[in-house]
Amino acid sequence: MIVRLPGSAPTRSRAVIHDNLVFTVAVSPDKTASYYEQTKNALARIDQSLVEADSGKARILTAIVYIADMQHKAEMNRAWDEWVDAENAPMRACIGAVLEGNDLVEIVVTAAK
Amino acid sequence: MIVRLPGSAPTRSRAVIHDNLVFTVAVSPDKTASYYEQTKNALARIDQSLVEADSGKARILTAIVYIADMQHKAEMNRAWDEWVDAENAPMRACIGAVLEGNDLVEIVVTAAK
Amino acid sequence: MIVRLPGSAPTRSRAVIHDNLVFTVAVSPDKTASYYEQTKNALARIDQSLVEADSGKARILTAIVYIADMQHKAEMNRAWDEWVDAENAPMRACIGAVLEGNDLVEIVVTAAK
């Protein structure tokens with residue numbers, strides 16, 4: 001069975017759960033915030049989606065962090081390091097890319113249920 | 001068991017099936033087409049690979065859409081919205097990136113069998 | 001059960017194993033090397049992580065190759081083609097992106113155990 005949590009548009013889901021895997025994506029709702037704050041906000045949304053999916057931070061397998069300007073990676077890292085469950089650190093890649101509008105980070109996560 | 005559908009080069013597969021998951025990637029075969037047409041063409045190829053893998057559009061879990069110019073996201077979205085099974089919307093991220101040659105979009109999909 | 005192989009920082013893992021899937025990421029340890037050499041080095045690290053995870057090159061499902069300059073894709077391809085198990089070719093996407101510091105390629109792999 002596939003369970004889908006509704007996203008910002010009817011043609012996309014915020015999270016999808018299938019068997020024992022959860023796939024979710026988040027950006028910051030506040031587009032005027034700094035790299036640090038946008039990362040913190042996006043990670044809070046990830047937390048929320050994972051809880052709704054009966055998963056959680058400690059069960060994240062992978063995270064791909066897309067960042068609009070690699071020069072600000074340290075700010076993103078600061079929010080990540082404060083947030084992450086260091087006993088259960090995900091595989092992570094940080095990739096510089098063009099994001100929509102004023103999004104500074106977009107985070108795609110795969111977790112275990 | 002792992003099943004692999006042959007790709008454009010012998011060192012890559014167009015799709016890989018393992019247990020109940022299907023992984024596939026597509027670009028448009030026509031590199032002179034617009035963002036709208038290239039997206040439509042790439043999605044048609046995704047459809048074809050999913051059918052060959054005993055999956056289908058309604059069983060897509062995630063899609064990462066890489067786009068050569070974020071300014072054209074609305075054109076890509078138009079093709080996506082016409083194509084998607086809105087009752088079974090995938091998690092999706094759209095990422096601006098440099099693609100090969102005249103590719104305007106490249107789409108990586110994970111689906112359930 | 002989720003098994004995590006330690007990465008370069010305590011807040012990230014180099015590889016994560018869950019059920020029958022392995023997720024791993026690598027860059028070249030030598031940042032002064034060419035595109036060809038950095039790809040070769042990153043793939044050698046992927047090999048090593050997969051062995052530690054009781055998987056291997058022949059069981060790779062997908063690879064996303066992020067490349068700092070798409071003009072050098074042929075060099076990356078040369079290293080890939082020499083390395084890949086052509087009887088078991090992964091799904092692969094090659095995406096031009098901004099990488100950290102002098103990283104020229106970063107490779108994210110999903111494999112079967």
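Predicted model: local features only at pLDDT ≥ 70, side-chain atom pairs only at ≥ 80, totals over all residues.
Student: How much area is buried between chain B and chain A?

Tutor: Residues are numbered from 1 along each chain as its sequence is written, while chains are lettered from A and ligands numbered from 1 in the order in which they are written. Buried area is the accessible area (1.4 Å probe) that two parts lose on being put together, summed over both. Carbon and sulfur atoms give 60% of the area between chain B and chain A, and the total is about 1900 Å².

Student: Which residues of chain B lose the most area to chain A?

Tutor: Three residues of chain B together account for 28% of what that side buries. They are Leu61(B), Met91(B) and Ile95(B).

Student: How many residues of chain B are in contact with chain A?

Tutor: Contact means heavy atoms within 4.5 Å. On the side of chain A, 21 residues take part, and they are in contact with residues of chain B that number 26.

Student: Which side chains of chains A and B meet in a salt bridge?

Tutor: Side chains of opposite charge can pair when their charged atoms come close. A salt bridge is a side-chain nitrogen of Lys or Arg within 4 Å of a carboxyl oxygen of Asp or Glu. Between chain B and chain A the count is one. The distance is 2.8 Å, N to O, and the partners are Glu100(A) and Lys73(B).

Student: Which element of chain B gives the most to the side that touches chain A?

Tutor: Elements are DSSP runs numbered from the N terminus, with helices (H or I) of at least four residues and strands (E) of at least two. Across the interface of chain B and chain A there are 11 residue pairs in polar contact, both residues at pLDDT 80 or more; a polar contact is a pair of N or O atoms within 3.5 Å, where within protein one must be able to donate a hydrogen and the other to accept it, and residues adjacent in sequence count only if both atoms are side-chain atoms. Strand 4 (60-67), helix 2 (73-83) and strand 5 (91-96) of chain B each supply at least two residues of the side that touches chain A. With six residues, the element that gives the most is strand 5.

Student: How many residues on that side of chain B are nonpolar?

Tutor: Ala, Val, Leu, Ile, Met, Phe, Trp, Tyr, Cys and Pro count as nonpolar, Asp, Glu, Lys and Arg as charged, and the others, Gly among them, as polar. On the side of chain B that touches chain A, five residues are polar, four are charged, and the nonpolar ones number 17.

Student: Why do chains C and B meet through different surfaces?

Tutor: The contact takes 26 residues from chain C and 21 residues from chain B. The surfaces differ because the share of interface residues of chain C that are also interface residues in chain B is only 8%.

Student: Where does Glu100(C) lie, in the pair with Lys73(A)?

Tutor: The side chains of Lys73(A) and Glu100(C) meet in a salt bridge of 2.8 Å, N to O. Lys73(A) sits in helix 2 (residues 73-83) of chain A, and across the chains Glu100(C) sits in the chain C loop between strand 5 and strand 6 (105-112).

Student: What ipTM does the predictor give the complex?

Tutor: Chain A has a mean pLDDT of 98, and 100% of its residues reach 70 or more. For the complex, the pTM is 0.98 and the ipTM is 0.97.

Definitions and conventions:
Heavy atoms only, no water. pLDDT = per-residue confidence, 0-100.
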